Amino acid sequence: MIAKSIDDLIGTERDVRGPVWMSRRFLLAEDGVGFSVNETTIDAGSEQVLWYKHHIEANYVIDGEGEVENVATGEVFALAPGSLYVLDRHEKHRLRAHTRMRLVCVFTPPLTGREIHDEDGAYAPPQD
Ligand code: 9YT
């Protein structure tokens, strides 16, 4: 069994910062469960264009309000505590945080460590 607290992650290699977000990485590839789990906090008023070309990501909103836009179709989904969105087809998307947001983020294949976004908003594919 794996059991841990976010307090075990803060200030460690599993506490990763992007320009407008923090990601506390509970589970990574090295943990061997086949997916990764992060708690992500996003700054109020931020806008990000993200495009996970090599991963599927599910996001469950715990705190805060915002919206996610499918860039290809223009569809916009409101986000609030209890919302889930999944980039199951590697959709390029725009995420706007109206307030500070906190999400639980699951990636498959799992993240391997300290990934941050490249210029397209993607994370690098896992290395074999
Ligand atoms: C939704 C968002 O801001 N994603 C960036 C961080 C990502 N969720 C991660 O690495 O945990």
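Visitor: Glad to be here! How does Arg96 count, buried or partly exposed?
Guide: Welcome! This is a predicted model, and Arg96 has a relative accessibility of 21% in it. Buried requires under 20%, so at 21% Arg96 counts as partly exposed.

Visitor: Which residue does Arg96 meet in a salt bridge?
Guide: A salt bridge needs a side-chain nitrogen of Lys or Arg within 4 Å of a carboxyl oxygen of Asp or Glu. For Arg96 there is such a contact at 3.2 Å, N to O. The partner of Arg96 is Glu69.

Visitor: How many residues apart in sequence are the parts that Glu69 and Arg96 tie together?
Guide: Glu69 belongs to strand S6, while Arg96 belongs to strand S9. The pair therefore ties together parts whose separation in sequence is 27 residues.

Visitor: And is Glu69 buried or exposed?
Guide: The limit for buried is under 20%. Glu69 has a relative accessible area of 14%, so Glu69 is buried.

Visitor: Which residues are linked with Glu69 in a network of salt bridges?
Guide: Another salt bridge joins Glu47 to Arg94, with the closest N and O atoms 3.3 Å apart. Glu47 is in strand S4 and Arg94 in strand S9, so this pair ties together parts 47 residues apart in sequence. Linked with Glu69 in the network are Glu47, Glu67, Arg94 and Arg96.

Visitor: Let's turn to Arg14. Which residue forms a salt bridge with Arg14?
Guide: The side chain of Arg14 has a salt-bridge contact at 3.0 Å, N to O. Arg14 lies in the segment before strand S1 and its partner in the loop between strands S2 and S3, so the two tie together parts 17 residues apart in sequence.

Visitor: How many salt bridges does the count come to?
Guide: With the 4 Å limit, the count comes to 13.

Visitor: Now the largest pocket: which elements give two or more residues to its lining?
Guide: The pocket has a volume of about 160 Å³. Its lining includes Val68, Glu69 and Asn70, as well as Phe77, Leu79, Leu84, Tyr85 and Val86. The elements giving two or more residues are strands S6, S7 and S8.

Visitor: How many nonpolar residues does that lining have?
Guide: Leu87 is one of the lining residues, as are Glu91 and His93. By class, the lining has 2 polar and 3 charged residues, and the nonpolar ones number 7.

Definitions and conventions. Residues are numbered from 1 along each chain as its sequence is written. This is a predicted model: local features need pLDDT of at least 70, side-chain atom pairs count only at pLDDT 80 or more; totals for chains, interfaces and linings use all residues. Side-chain values use heavy atoms; hydrogens and water are left out. On a 1 Å grid over the protein atoms alone, a cavity is a set of points where a 1.4 Å probe fits but cannot get out, and a pocket is an open set with protein on both sides within 12 Å along at least five of seven lines; lining residues have an atom within 4 Å of a point. Grid points are joined across faces, edges and corners, and a volume is the space filled by probe spheres set on the points. Helices (H or I, at least four residues) and strands (E, at least two) are DSSP runs, numbered from the N terminus. Ala, Val, Leu, Ile, Met, Phe, Trp, Tyr, Cys and Pro count as nonpolar, Asp, Glu, Lys and Arg as charged, and the others, Gly among them, as polar. Buried means under 20% relative accessible area, exposed over 50%, partly exposed in between (1.4 Å probe, protein chains only).
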